[in-house]
Amino acid sequence: MQSKQLFKPLTRILALGLTALALSTAAMAAPTTFNESASGTGNLPGATDVVAGGAEGGLMILGNLIDGRGGHDPNLVDMFKFGVGYAGRYFFDTFGSVIPDTQLFLFDSFGNGLYWNNDASVTPVDTRSAFSIDLGVGDYYIAVSFYGLDPDDGAGSIFDTLSNGGSAWAGSGSVSFWNDFNGATVWDTTGYVINARVPEPNVLALSLVALGLLAGFSRRRQDRTG
């Protein structure tokens, strides 16, 4: 009798966890698509396109970077504002971009640097960009650029862009302009994709715990009946 009473709540927990996991998986399979505005988004906070829909449902941002020939050219960087409705670990990448070598930068709602990445993989080489980060509820800015662009707070670089990625320098301020430290580079108009993946569902852990408990319970029952 006691085993049956234990079994019922476990099955309820498992059912709830799997249902929520299924809903989360469905959201990941169908992200919200946002196209850059016809006039083009900006590259500094407060002057960007605002993405409709929260990143927790999955986002795919599509746009183009335009020809720049050395020096600072704002068309080499696009920035977007987006919201996060649920805290968790989020995944960002530029997989699917026509641009062969991207950089991806994340900023808070004030334009302070949070994280950046150049190449998703060094060995083997994958020159698109990707990273994951824990985010709380709120607004953020995501920026994509060709290789060689460097966000500056007016006193220096916000990130160590000589590395392959990481957090902002301690004490750095909000982005105020972009440097093109790669020199006289020529690019054509080229398409990019920014993907924001849904957070790892907490319900997955709940489901795994319930499955483990159920498996242990089943083994004990078999031992007793065997």
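Colleague: How many aromatic pairs does a search of the whole structure find?
Modeller: Keep in mind that this is a predicted model, where local features need pLDDT of at least 70, side-chain atom pairs count only at pLDDT 80 or more, and totals for chains, interfaces and linings use all residues. Residues are numbered from 1 along each chain as its sequence is written, and side-chain values use heavy atoms, with hydrogens and water left out. Rings of Phe, Tyr and Trp (its six-membered ring) pair if their centres lie within 6.5 Å; planes under 30 degrees apart count as stacked, over 60 as edge-to-face and the rest as tilted. Searching the whole structure that way gives 11 aromatic pairs.

Colleague: Take F80 and Y192: why is that pair classed the way it is?
Modeller: The ring centres of F80 and Y192 sit 6.4 Å apart. Their planes meet at 65 degrees, so the pair is edge-to-face.

Colleague: And how many residues apart in sequence are the parts that this pair ties together?
Modeller: Strands here are DSSP runs of E, at least two residues, numbered from the N terminus. F80 belongs to β4 and Y192 to β13, so the pair ties together parts whose separation in sequence is 112 residues.

Colleague: Are F107 and W178 buried or exposed?
Modeller: These two also make an edge-to-face pair, at 6.2 Å centre to centre and 80 degrees between the planes. F107 is in β6 and W178 in β12, 71 residues apart. Buried means under 20% relative accessible area, exposed over 50%, partly exposed in between (1.4 Å probe, protein chains only). By that cut-off, F107 and W178 are both buried.

Colleague: In β8, what is the bridge partner of D93?
Modeller: Two strands pair if DSSP finds at least two bridges between them. Strands β5 and β8 run antiparallel and are joined by 6 bridges. In β8, D93 is partnered by A130.

Definitions and conventions:
Helices (H or I, at least four residues) and strands (E, at least two) are DSSP runs, numbered from the N terminus.
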